[in-house]
Amino acid sequence: MKLHSRAALAPFFILILIAIAPLLSPNLRPVLLVAMSIALCAIGLLILLRAGQVSFGHALYFAIGAYAVAYGSHNSNLDIWILLAFALITNIFIGTILGAILVRYRDIFYGMLNLAFSMLGYTIFLRAYSYTGGSDGMNVIPPSILGFTLEAYEYGWALYYCAATLLALVIWLTHRYLHSPLGAALSAIKTNEVRLEYLGISAYRVMLIAHISAAGLAGLGGGLIALSTGHVTPDLAYWSLSAEFVFVAVLGGTANIAGALIGAVSFELIRSYASIYAGNAWQLILGSVLVIVVLFAPNGLWGVVQRTLTVKAKEK
């Protein structure tokens with residue numbers, strides 16, 4: 001198998017490992033479910049980073065997706081896939097409105113304006129107690145899955161593989177998107193936006209589609225978190241969670257979608273086990289890992305994997 005073929009299939013190889021891992025060690029199931037939720041957000045940030053932009057406020061869309069699922073679960077007996085579709089549509093709508101303003105800006109201005117809107121959203125979620133439950137949050141009623149109402153144990157496993165199926169679909173669609181003319185235009189925005197405009201391609205339109213796509217993916221991630229934890233709070237919109245998403249994107253690397261998966265799984269495993277064995281120092285451990293990656297693996301963990309594959313290919 002050629003090196004570029006391996007790179008293209010790498011996200012699916014990793015996803016297969018994620019699907020198998022809980023069967024070998026059931027304790028990994030909740031950790032990897034959270035990791036898949038974070039991976040959806042990281043894939044959205046990967047799209048923006050292809051254009052040289054980064055959002056420091058993507059937790060807003062994560063929280064909107066979570067609250068959309070929470071509201072949907074209370075108002076009617078909707079299936080899990082309908083709830084996730086509702087979270088996606090809601091974020092596409094909000095992402096379009098905010099994106100129309102945000103994509104006019106670039107670099108630090110784009111990133112910080114995203115942060116400003118995120119903190120505005122956090123305040124609204126916190127203060128609108130009658131609608132969001134304020135700091136107490138909202139409970140999520142477990143929905144049916146494909147028309148079946150399941151007990152807690154079966155529901156947990158079904159939700160896990162629904163998340164894996166959703167992630168596989170997102171990976172395929174994102175791969176197609178990044179290898180389309182729109183995806184190629186993202187790289188052009190990063191390198192020479194003026195030349196892109198000279199070619200008759202609207203950089204504003206390209207960035208708006210990228211922003212909406214990233215918002216929708218974050219909403220799906222938030223919806224999965226709501227379904228897995230059964231509770232949502234305004235903290236899901238707080239700036240520190242946005243920083244975690246950026247952390248994951250940098251940790252995994254942005255050259256391949258596999259980087260988002262590797263970064264999300266590594267991040268959640270490190271955080272979970274560091275919290276268990278070094279409860280007062282887990283943030284220090286995470287920070288140290290990021291510093292090491294930036295210094296010795298500037299292309300992220302995926303860059304390390306890619307170099308290893310290249311060396312093995314040359315040896316053959």
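Biologist: What makes Arg 106 count as buried or exposed?

Modeller: The relative accessible area of Arg 106 is 16%, and buried means under 20%, exposed over 50% and partly exposed in between, with a 1.4 Å probe and protein chains only, so Arg 106 is buried. Please keep in mind that this is a predicted model, in which local features need pLDDT of at least 70 and side-chain atom pairs count only at pLDDT 80 or more, while totals for chains, interfaces and linings use all residues. Residues are numbered from 1 along each chain as its sequence is written, and side-chain values use heavy atoms, with hydrogens and water left out.

Biologist: How do you know that Glu 193 and Arg 106 meet in a salt bridge?

Modeller: A salt bridge is a side-chain nitrogen of Lys or Arg within 4 Å of a carboxyl oxygen of Asp or Glu, and for the side chains of Glu 193 and Arg 106 the N to O distance is 3.0 Å, so the pair meets the definition. Glu 193, at a relative accessible area of 26%, is partly exposed. The pair links distant parts of the chain, 87 residues apart, with Glu 193 in helix H8 (residues 181-198) and Arg 106 in the loop between helix H4 (80-102) and helix H5 (107-127); helices here are DSSP runs of H or I with at least four residues, strands are runs of E with at least two, and both are numbered from the N terminus.

Biologist: Which residues are linked in a network of salt bridges?

Modeller: The network links Glu 244, Glu 268 and Arg 271. The side chains of Glu 244 and Arg 271 meet at 3.0 Å, N to O; Glu 244 lies in helix H10 and Arg 271 in helix H11 (residues 257-277), so this pair ties together parts that are 27 residues apart in sequence. Glu 268 also forms a salt bridge with Arg 271, the closest N and O atoms being 2.7 Å apart, and these two residues both lie in helix H11, three residues apart, about one turn of the helix. In total the structure holds three salt bridges.

Biologist: Why does Glu 244 count as buried, and where do Glu 268 and Arg 271 stand?

Modeller: Glu 244 has 19% relative accessibility and therefore counts as buried. Glu 268, with a relative accessible area of 7%, is buried, and Arg 271 counts as buried at 16% relative accessibility. Leaving aside neighbours within four places in sequence, Glu 244 is in contact with Phe 267 and Arg 271, where contact means heavy atoms within 4.5 Å.

Biologist: Why are H2 and H10 called roughly perpendicular to each other?

Modeller: The axes of helix H2 (residues 28-50) and helix H10 (residues 239-252) come within 9 Å and cross at roughly 70°. Angles under 35 degrees count as roughly parallel, over 145 as roughly antiparallel, 65 to 115 as roughly perpendicular and the rest as oblique, so H2 and H10 are roughly perpendicular. The contact is made by Ile 38, Cys 41, Ala 42, Leu 45 and Leu 49 of H2 and by Phe 245, Val 246, Val 248 and Ala 249 of H10.

Biologist: What is known of Asn 91, and how do you know whether Asn 91 is buried or exposed?

Modeller: Asn 91 has its place in helix H4, and at 0% relative accessibility it counts as buried. Not counting residues up to four places away in sequence, Asn 91 touches Tyr 61, Ile 64, Gly 65, Ala 215, Gly 216 and Gly 219. The C-alpha atoms of Asn 91 and Ala 215 are separated by 5.9 Å, although the two residues are 124 apart along the chain.

Biologist: How do you know whether Leu 146 is buried or exposed?

Modeller: Leu 146 has a relative accessible area of 63% and is therefore exposed. Leu 146 is found in the loop between strand E1 (138-139) and helix H7 (152-178), and its phi is near 55°, a positive value in a residue other than glycine. Most residues other than glycine have a negative phi.

Conventions: Axes fitted to C-alpha atoms, helices over the stretch in contact; angles between N-to-C directions.
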